[in-house]
Each structure stands twice: as structure tokens, then as C-alpha cells.
Amino acid sequence: MIPDMTDLDHLESQSIFILREAYHRLKPLAMLWSLGKDSNVCVWLARKAFLGQVPFPVMHVDTGKKFPEMYAFRERYAKEWGLDLIIGTCPPVEEIDPSLPPAARSAARKTAGLATLIERHRLAGVIAGIRRDEQATRAKERVFSPRGASHRWDVRNQPPEFWDQFVTPIEDGAHVRVHPLLAWREVDIWRYIARENIPVVDLYFSRDGKRYRSLGDQDITSPVASEAGSVEEIIAELYATREPERAGRAMDHESEDAFERLRVAGYL
Amino acid sequence: MNVPLDPALAAAEMPTPIVIVGHVDHGKSTLIGRLLHDTDNLLAGKLDAARLSSEKRGLGIEWSFLLDSLQAERDQGVTIDATRLPFTLDGRGFVIVDAPGHRQFLRNMITGAAGASAAVLVVDVTEGVRDQTRRHAMLLRLIGVAEVIVVLNKADLLGFDRARIDAVAAHLTALLAPLDITPRAVIPVSARHGDNIAARSSHLAWHTGPTLIEALAALPRPLPAVSGPLRLSVQDVYRQGERRFVVGRIESGRLAVGDTVAIGAAGHRATITAIAGWPTPPAQSAGAGQSVALELAPEVVVARGDLLYHPSAAPLRARRLATRIFWLRQEPLRLGESFQLRLATAEYKVRVSAIERVVRIDDLSAEAGTEVPPEGFADITLTAAEEVLFDPFRPEGGGRGVLVDGHQHIVGGAPILGVAAGREHVFPLDAAVSHTARAAAKGYRGAVFWLTGLPGAGKSTLARQAEQRLFADGIDAVVLDGDTLRTGLNADLGFSPREREENVRRTAEVARLMAEAGLVVIVALISPQAAMRAEARRVGGDLFHEIHIAADVATCEARDPKGLYAKARAGTLPGFTGIDGSYEAPAAPDLRLDTGRLSVGVAAEALIAFIAEAIAPKDTAAADGTAVDNGAAALARL
């Protein structure tokens, strides 16, 4: 007798299917590891999909401004999980488009760092743990999102995607962003972390009445008021809250189109 | 803080995905915005942000701005790409998919709608049914969204007038009926003002049906496809040390350790020995929807695209497929064009061999046509280069063909309806001269003697000796040799498993034709897989005789008449049968000749005696004429 699949079973199974499609169709392939909760789930799912060993590199695009706890987490779990870790660096903010609002301009350093890695490793596929419910423009993403040689997201002209058939463009210098977690919600991520006992950085848990709900660079990310000190308490909090997840991410709120502009230019 | 007993961690069901479709400007985004607002599903700040964006563009509150997040969408007031939003109604989860209504963005509508289990079709009552209303209704049918709720929007603009609204409703019902769509509800609403969305409207007191949220709550929950036949389309094969894992997702049905499964078109059998798990322990069984990693025994050749199924519930197979396509390229589809047909993880080369009927968008009637227009629908026949394994299209899964062009772009959907009727126009003629009559005239029956065995076992040597003796005795015997056929008829084939199967199939067909013409055909072909030979027997019918030329690998390798074992050992002939390609010895051949023990002369005599016995005319034929004596004399001389 097969027990009925729960929603988490369905989400997990679909993500594994996507990861295996990406591994078959896109070579060379790499996964982004921001050290946040979503990308930890992404790495975990890859270990499941490939029976314990992630068969492609895991990349951390390091802005140099992450929290110390995040760097410690990276060193520990890269070793413990046997990851082939690639660390990329980002250019100084002075080199970034000055027409962007300040926080977005700071965030755009990561886009530039990522572009360098993609070109250096001639990647055909980059796996990223973004979700539709995080942000309105991410809600319009494809599972396999093709990017031209300039890495731009052609949001007005996305390919059809249905019945689990994914496109793999063959143009020179192009790559595909693969999004295995698009259908997951924030609370699903935490329920899965609880179910699978996946480690996360301590910054997510409440200290002095505040916790980080979304982790970015130190200077453009703020904690939110919360008493949630455990994964279970975070789940309970999310069922009750009306506040959006990225409320603490400055770059989302500077202007109506700031995040769309970042994403069109290649941000995650 | 006080933590309630985890509803969060308890098993939960997947949300029901609902797609909102309809003609551009008929109010889809507004309907969703209103629905989210009236059911208290908006995140903090969302409404204020939408109000701000509306004011900036000189508008009152624009509900659609809750969804249309792209700058171009807000500036032009049109949805470009589909958005998905989680939505809860009395504890039940939904995902609302807002699909664009503009024809130019049909591919985005399909992207949004394909995963939905139900649809809300929105129609502006002041405009009635328009092109995209029809196109979207047709697409719901073709992508398999079976549950449809019709919303008649902007009822306020008709003063909530029952007669005029009923007229639109009647028109719609007539449109949907030929598509086999019976709406679960037809609901007059005003999305802008919230009438009949969450709350029953006093302006529409004459409406006795449900409100929108009542209709949504009554939708059936999507069912998993575990009750169907087992279908697993192989994604990949992973190796870890000595272990080999066949990975893929179970599309329907279930499997368990110990099950025998058939694999791909060749139908090789294997047993599931393990369902691997990481970091969890191995499972004993798995069902539809699960991504699994299987270990099989024996280690048969499995490749991406192969379908795994239980032999008792095999899929259909055909080279000519009847499909009903939705066409997404900006230029017409023309007869003779070639594509890749993707079916789960399988890929086939196909050609458009017939355009049967093309759908007219103005009334959804079908007529003969020579091409399919952009964003059009049509019944077409696809002819594949090899047999396609498939199940006919059903909303819950199966037959989900997708057409991909040479640039790897998805250019259309091709739900497979069944085997194309083309064969109805092929009329195989019964021969004017029957096999029996031929046998009677010649004194012996044409037949196929299929010599299988390892390279170097002696197939060609014995076949040639038999051919010479039979011919010398007045019997038309001929040898079909694998290597010789590969220089002509089969020159286009390589040595992949599929090409080897095709090599065998063609050889079997030619052998049968020659045998039917009265010849004694001796085939010398390694044909290493039992399934290949079973296919040859199917083609040859009762004319077919399987003869195993048996000799062990060491003996064959010592002979090595063509120097092939040496090359295989040196690694220059990968997949060589006997070295790194397996040979499945026949379990019950019609004759087995062990050439490791028998001399060539003795084995040849035994073969010739067997053939003579098999081709002797049956008693019924003897009544037929005088020529029998001739043949009988020839046989007697053997």
C-alpha cells in the first residue's frame, strides 16, 4: 500500500524531476548557493535527486558583505555535504549602473559577479532557488528561463512551457536559469526544513525580539520583529502573518520598478 | 511563544490550481484582484501599493495592478504573462493563475493553463463571445482542463438585466457543448463592484446558482493517477560504483520491488530489485507522481526516453499518429514539415504527413485545409521514423505530445488521439497464387530458417553449405546474411539497440516476402535479444523456424574468422556481442546445433535434414497436382 502523497511530497518530487532534467539537458551546469534557507533546500533536493552526491559545482556569489554566521555556515556544510564549491567575487559598487536606486545598485553587484562566473565556466545552466510567492516579477518566471548572451531576461517574450517540457536554447553564449523551487511557498520551505531536518543559519531565529526572514547583504537587509526561536515557531508565525517575506530587503521597495529592472538585467 | 500543535507539519494536500481565462479586457485580472481582496487573501501593503500605482497613472483603484506586476503591463493595462498566486478559501488551498487574454500572448496563456485542474472562463456580457473566448475554450479542451466555471462579467453595465445576460449565457453554452465542456456553473457578476464574487448580490437576486467562491469551493480535488497503468518515462541512468540506477517519475500507476517490467519498444523484461532512497531507506513500492531511482535485474540496456510498463498493460504503438494540435509558431504549419515530437522524456523524429481538418476560429467548425495558421488548431497526422509508444490523450495524463523545432523551440502542442486512420487506406491484397498452390507446384514449401548465435558460432558457414546442397537438389534456397544486408537494404542502420531492432525487423519482413514467394530462406543473423527474435517470429508467422547455432564464447573467440573478437578485446568494437554485449540464448529453439561438439559436416547434415522435413508439403497440398512428384523426388534425394 502506498501512502497518499502530501503536498510536500509532490513539491519534492517535482523539484527532483526538474533537477534531473537540468542535469541531462544542460552541460556544464552549476547551482547557486546563497547560504539562505531556499538555497539550502535546493542543495538538499539535489542530494536527493542524485542519491547523496551533487554531481555539479555549487557556486556562492560572494558580495563580501554577508554576515559572519553565513561564512561559517558555508565552510562547515560545503565540507560536510561534500560540495564542489566555487566562490565568485563581485565588482565594487562604483562600477554599477548609477541610475539604479542605492540599495538596488548595491544588490546589482551580485548580478555582475554572477555574470563573470557564468562566462568563466561557460555555463549552459544555472540552478537558482527563487520562488513565485517571494516577489511579483518572480511569479512570472519559467522553470527553465532562457537568457541570451547578454544574460537579460526577456520578460515580454518568454517561451511557452507546459506538460513538463522545457526549452534549451542553443545560441552561442546563452544559458538557462533553472528554478526548481518556483512552486514552493515560504511556509513550504520551512515545513520541509522541519521534516528533513535541514540546517539553516541561526540568523533566521529570533534574538532580542528580532529575526531575519530573508538574508541578503548586511547593509541592505534588516531583521523583522519576531519571537520565533525555532523552525516550528517560524512555521506558526508564517501561518499568522500578513507581512510579505521581503519586507526587510531594501532594494525591493525603493521604487515600483526597481526589482523588475534588477531581474531584467540578470539578477535572480 | 505559544506553538499550537503543528497543523503546519501535518500531511496536507496540494492546492487546486485554477486558471482564469477569457478575451482581453473582459476583466480577468480585475476579477482576481477583487477575489483576493474580498476573501482576505492580500498581503499587507499590496492594496496600498496597487492604489499608489493606479493614482500615478491617473486611475481610480485598479484591481488588476495586484497582479500585473510588470511595468509594461501597468502602463498598457494588459496582462502579458501569467502570474500564480496562492489563495485560501475556508482552509482549502488554491493557486490562482492569471492568464493573459491577448492573442499575442497565447503561449503564456497555455503556460499558465496547462497545470490547472479547473478554469474560470470570463466573458464580458456587453461584448459576448469573442475570438479569444473561443480560442481559450478550445485550448482548455486540448490541454485537458475538464472543469470549467463560466463568469459573466460586467453585469452592472447591462443594468443586471436578466434577459440580456441569459442570452449571452445561452450563446456560451452552445459554444462549449461541441467541445464536451459542460460548465459547472454560469455566474453573472460584477468584478469591479464585487457582485456575486464572495457575497451574493442583491442586484442579481434572480440568479439561483452559486457565487464564485461557492463554485470554487465545490470543485473536485485533483486525484492522483495511481489507479492507471504503470507508466514511467526514463529520465536518465546514473552509475554509482557497480550499481546502476534508472531514474524517472511515475506518470501513472504504481510499481513495487519484485515487479516485472517491460522496457521501451523492444519490450525487454527486467525485474525491479530495489527502489533506492537517500537519505531515507529503500522503499518497497511507489506510485504516480513520485520521482524514483530503480535498480533492475538483469542489467538490460535502458536509456532516456524508454517507457517502463507492466507487460500486462502495454501502451499503444504506432508510427502514424492522429493528433489534434495547437500551433504556436508565428508562421503557418505546412504539410511535410519535420519536427521533434516529445512525449514525456521520449523524443521522436516526425513529419506532418496529412492535415486532415483545420478549425475555423469564428465558429470552431472544422474544414479541410492545407496549412494551419498561427495560433490555429487542426487535426493532423504525424508519421514517425520509428514506432511511438503512447497512451491516448486524457485530461489526467498520457498522450501529451509537444512539437519542438530545429532551434529547440516549442512550436506547438500535439495531444495524441490515437493511431492515424491512414492504414484504413492501405489494402493489403491477398496473393492470387496461394502459398499452398505454390508449394504444390514446386513440391516444397517456402519457409524462413532463422540462424541465431554468437559471432563465430558457424551461422554463415552452415547457411552456405545448406544453400549449396538444397540448390543442387533443385530447391530454391537463398541466404540472407546480416553483413550483406547492411551493405544495401540496411546500409542506413548503425548498431544502437534501436537500429539493431530495426535491422532485425527489416530482415524478417524481407525473409517472409521471399518465403511467401516460394523460396527457402536461410537467415544468418546474430540477433542477440530474445525480444528481437520474438518480433521476427511474429513477422514470419508459421513460416518461421528458429535455429540456435550454439557454441560458447571461448570456442567462437578461438575461431574468430573475421578477427572481430580481437578488435573487441582491444576496445575498438564497443557493444560487441559476446564480449561486452550480451547474448540471450533461445530457451526453446526449433533446433539447436552445438558446433562446439559437432563437426561442420555433421552439423550441416542435421540442418539440411531439419529443413527438408520442415518444407515437405503437407498432406492437404498433395491432393493438388502432379508437380508434387517432382518436389518429392528432390526431397528424396536429400
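1. B:Leu341 touches B:Leu321, B:Ala346, B:Glu347, B:Tyr348, B:Val350, B:Leu382, B:Gly401, B:Val402, B:Leu403, B:Ala414 and B:Ile416, where contact means heavy atoms within 4.5 Å and residues up to four places away in sequence are not counted. This is a predicted model, in which local features need pLDDT of at least 70, side-chain atom pairs count only at pLDDT 80 or more, and totals for chains, interfaces and linings use all residues. Residues are numbered from 1 along each chain as its sequence is written, chains are lettered from A and ligands numbered from 1 in the order in which they are written, and side-chain values use heavy atoms, with hydrogens and water left out.

2. B:Leu341 sits in strand S17 (residues 338-343) of chain B; helices (H or I, at least four residues) and strands (E, at least two) are DSSP runs, numbered from the N terminus. B:Leu341 counts as buried because its relative accessibility is 0% (buried is under 20% relative accessible area, exposed over 50%, partly exposed in between, with a 1.4 Å probe and protein chains only). Its C-alpha is separated by 20 Å from that of B:Val358, 17 residues apart along the chain.

3. Helix H5 (residues 131-143) of chain B has 13 residues and reaches 18 Å from first C-alpha to last, close to the expected 18 Å, which is 1.5 Å times one less than the number of residues. Of the 13 residues of H5(B), 11 are buried, so the helix is largely enclosed by the rest of the structure. Among the buried residues are B:Arg134, B:Arg135 and B:His136.

4. After H5(B) comes B:Gly144, with a positive phi near 90 degrees.
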